[in-house]
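This report sets out the fold and packing of a two-chain model. Please keep the sequence and the coordinates at hand while reading.

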Amino acid sequence: MSETALATPEFSAAGRPAGRLRRRNWPAIIAWAVVLLILVLLPLYLPPGLLSAGQYVMVGAVGAIGLTLVFGQAGQLSLAHAFFLLVGGTAYSVLAGETTQAGAERIVGFGWPPLLALIGAVVITALFGLAFAPVAGRLKGIYLGIASLALVYIGFYLGRALPALTGGASSGRNPEPFSLFGFPFTNEGDIALFGVPLRQPERLWYLFLVVLVIGYLLAAGAMRGRVGRAWRAVRDHEAAAAAMGVNVLRAKAVAFAVSAAYAGLAGVLLVLWYGLLKPDESEFGNYGLNTSIAFLAMVLIGGLGSIPGAVAGALIVWGSQQILTLFAADLGLGTALSGFSPTVISLYVYGLAVIAVVLFEPGGLAAIGRNTVAALRGRRRSDMDSSGASGRRSAPPGKDGK
Amino acid sequence: MTATTAGPGTGTTRTDVPELRIDAVSLRFGGIQALDEVSFTVRPGTVHALIGPNGAGKSSCFNVISGLYRPTEGRVVLGETVLPELRPHRLAALGIGRSFQNIALSMHSTVLDNVMLGRHALTHGGFLSGGFRLPWTVREERRHAARAAEICAFLGLSHVVETPVGALPYGLAKRVDVARALAVEPRILLLDEPAAGLNAVETADMAATIVDLRAALDISVLLVEHDMGLVMGIADRVSVLDFGRLIADGPPAAVRRDPEVVKAYLGTGENGECPR
């Protein structure tokens with residue numbers, strides 16, 4: 001069946017130009033450009049509540065991309081995401097803040113420029129992820145999940161035990177507002193776009209959008225190439241991955257570090273959004289088990305391993321929570337103080353979404369998206385996958401994160 | 001399918017294909033002696049088959065060679081390198097490619113993506129350089145994708161390079177596994193039951209492919225196989241294991257007449273003719 005001659009290792013001249021890598025997918029490029037344009041224009045029209053909800057969703061999306069990389073692509077279940085969020089937020093607050101005296105407590109700060117502090121916080125969180133690597137290398141599946149969950153409780157303890165860094169659970173600390181080369185992401189100064197003044201909420205929106213786009217492209221690019229292939233091989237068959245030259249332990253460690261870095265970045269954005277770093281007073285606060293589970297729900301709903309799916313999952317999980325809270329009165333829901341609060345209701349909403357995904361489309365929104373695109377292109381391509389299996393497959397972890 | 005031109009035992013003209021020596025390898029799992037002082041040599045440029053009845057220790061031996069098991073005693077030496085001293089993932093860079101008995105591919109990834117995994121040890125770059133798609137990363141990716149496409153073409157996979165492996169029939173998926181092992185640019189290719197689960201036509205194709213690729217690339221091939229027709233047809237040399245011991249080692253014609261092999265492996269067959 002060998003149809004072609006195969007020469008020894010030297011590449012045959014320049015090789016084939018590998019057309020598929022150069023072909024541009026114009027419909028997709030145009031679609032993404034439209035989405036980006038909408039996201040750029042949205043803050044000019046949105047009321048403050050929805051603006052804030054959108055920012056929160058973008059924070060969730062950055063974190064969810066990190067989780068879908070480690071869980072969906074590298075196959076390592078992590079429930080430690082909330083902990084890495086706390087590490088990132090704390091690291092930023094410490095690096096960017098000034099040392100202050102709050103009552104009896106001396107709160108430490110290094111006074112770095114915010115951009116440097118943000119990068120520093122991401123690096124520090126990645127190192128925390130790397131420190132977890134020896135555990136990640138030894139455990140698999142749900143056991144790894146439970147072990148990583150321990151970090152959340154360690155974070156819960158440390159948040160209260162180290163008020164010099166976190167400001168303590170009762171008051172927390174105010175993070176330094178972000179600024180870029182002297183441009184503040186606050187209400188300072190007068191700039192406008194199409195006559196709409198850009199104040200703190202709009203500026204933060206654009207900051208978050210830029211961070212999300214960079215994080216998205218970085219993840220998508222890496223998963224398309226060598227690293228993504230190695231991670232998927234580790235997920236699907238460790239022995240085969242090793243036989244092909246992948247250092248399995250190292251791949252797992254890097255996957256955890258990268259995932260933690262994304263969570264740390266989300267943690268920085270979260271304290272900027274909230275204007276406050278506040279460690280939890282109970283196990284179910286901002287950095288508790290519930291947050292880890294919310295991220296898990298995002299990547300499951302979006303489709304394991306899918307990067308656009310993670311963003312869509314964040315929209316559903318954290319978006320529903322914000323929308324329900326915003327419109328609680330209009331919808332006739334209870335207030336935040338009643339037992340059946342909008343936040344609790346949102347738990348039911350995305351809980352049901354997870355169940356629906358598991359029952360009807362294990363590939364999540366990503367598979368639904370893929371199938372829709374396939375159906376749109378349908379007739380022209382139908383003769384290509386004659387087996388019929390490829391189109392109908394609801395493959396959970398899609399190739400190269402699509 | 002091209003005719004098989006290269007006769008067996010042609011050897012190699014390449015000087016970088018080393019000898020693979022299995023040197024008094026023993027392997028014990030608790031009280032079970034899986035391998036007992038097994039020694040044989042895969043000469044450069046030959047197709048060498050390792051056979052034996054079920055439970056003879058073929059897979060154990062194969063896993064020792066490919067670094068998944070560490071031998072209790074003895075050594076595996078490739079040229080000058082003692083393999084068990086290395087971590088398994090270092091073997092690919094030494095020019096050892098292996099395929100798996102049960103297809104060990106990423107089912108949701110495309111054929112090309114799976115084959116490209118074989119280029120891992122030949123390429124560079126981590127999360128950031130890949131993520132930012134730095135020019136040299138993109139160039140490297142393109143270069144290696146072209147070679148991977150060549151290898152796919154050689155194995156008759158050109159028409160499915162963009163298809164997810166999970167959508168392929170078993171026979172083709174099996175060839176993807178071999179293509180991935182070839183993508184390592186091996187000097188010695190280890191094939192673990194390349195014909196397992198294939199029908200007669202596919203088995204004949206696989207046999208021809210193995211002979212062709214050995215001839216085209218001038219490499220050594222070590223295969224573990226159940227299918228006696230395939231083994232006797234293409235192997236230059238056959239080593240036979242039974243209960244963890246090497247009971248015969250020689251050219252197929254001699255091995256098939258060896259009384260101990262006939263007794264252990266082929267049962268009571270009188271003329272040594274092998275059942276397919």
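## Overview of the chains

The model is a predicted one. Chain A has 402 residues, of which 50% count as buried, and its secondary structure comprises 19 helices and six strands. Of the contacts in chain A with a separation of 6 or more, 72% are between residues 24 or more positions apart.

Chain B has 276 residues, and buried residues make up 61% of them. Its secondary structure consists of nine helices and ten strands. For chain B, residues 24 or more positions apart supply 70% of the contacts with a separation of 6 or more.

## Nonpolar cores

The largest nonpolar core contains 107 residues. The residues with the most contacts inside this core are I65(A), L69(A), Y92(A), W231(A), Y262(A) and F127(B). Helix α13 of chain A, residues 248–274, gives the core its largest share, 16 residues.

Two packed helices are described by the angle between their axes and the distance between the axes. Helix α3 of chain A, residues 48–73, packs with α13(A) at an angle of about 170 degrees, and the two axes are 7 Å apart. Because angles over 145 degrees count as roughly antiparallel, α3(A) is roughly antiparallel to α13(A). From α3(A), the residues in this contact include S52(A), Q55(A), Y56(A), V59(A) and V62(A); from α13(A), they include A255(A), F256(A), V258(A), S259(A) and Y262(A). By class, the contact has 16 nonpolar, five polar and no charged residues.

Helix α10 of chain A, residues 200–224, packs with α13(A) at about 175 degrees, with an axis separation of 11 Å. The helices α10(A) and α13(A) are therefore roughly antiparallel to each other. Here L204(A), L207(A), F208(A), V211(A), G215(A), L218(A) and A219(A) of α10(A) meet Y262(A), L265(A), L269(A), L272(A) and W273(A) of α13(A). The contact of α10(A) with α13(A) has eleven nonpolar residues, one polar residue and no charged residues.

## Helix α5 of chain A

How far apart are the end C-alpha atoms of helix α5 of chain A? This helix covers residues 114–131, and at 1.5 Å a residue its 18 residues should span 26 Å; the end C-alpha atoms are 25 Å apart, which agrees.

The buried residues of α5(A) are P114(A), A117(A), L118(A), G120(A), A121(A), V122(A), T125(A), A126(A) and G129(A). They pack against α4 (81–96), α6 (133–138), β3 (179–180) and α13 of chain A.

E37(B) is found in strand β2 of chain B, residues 32–42. Its phi is near 45 degrees, a positive value in a residue other than glycine. With a relative accessible area of 52%, E37(B) is exposed, because the cut-off for exposed is over 50%.

E193(B) lies in the loop between β7 (188–192) and α6 (200–217) of chain B. Phi of E193(B) is near 50 degrees, again positive in a residue other than glycine. E193(B) is buried, with a relative accessible area of 5%.

H124(B) is located in the loop between α2 (111–117) and α3 (127–131) of chain B. Leaving aside neighbours within four places in sequence, H124(B) is in contact with R226(A), W136(B) and E140(B). The C-alpha atoms of H124(B) and W136(B) are 9.9 Å apart, and the two residues are twelve residues apart in sequence.

T81(B) belongs to strand β5 of chain B, residues 81–82, and is partly exposed, with a relative accessible area of 27%. Its contacts, leaving aside neighbours within four places in sequence, are V76(B), L86(B) and L94(B). T81(B) and L20(B) are 61 residues apart along the chain, and their C-alpha atoms are separated by 9.5 Å.

Note on methods
Residues numbered from 1 in each chain as written. Chains lettered and ligands numbered in written order. Predicted model: local features only at pLDDT ≥ 70, side-chain atom pairs only at ≥ 80, totals over all residues. Heavy atoms only, no water. Core = buried A, V, L, I, M, F, W, Y, C linked by side-chain atoms within 4.5 Å. Buried < 20%, exposed > 50% of the residue type's maximum accessible area, 1.4 Å probe, protein only. Helix = DSSP H or I, 4+ residues; strand = E, 2+ residues; numbered from the N terminus. Axes fitted to C-alpha atoms, helices over the stretch in contact; angles between N-to-C directions. Parallel < 35°, antiparallel > 145°, perpendicular 65-115°, else oblique. Contact = heavy atoms within 4.5 Å. Nonpolar A, V, L, I, M, F, W, Y, C, P; charged D, E, K, R; others polar. Expected span 1.5 Å × (residues − 1).
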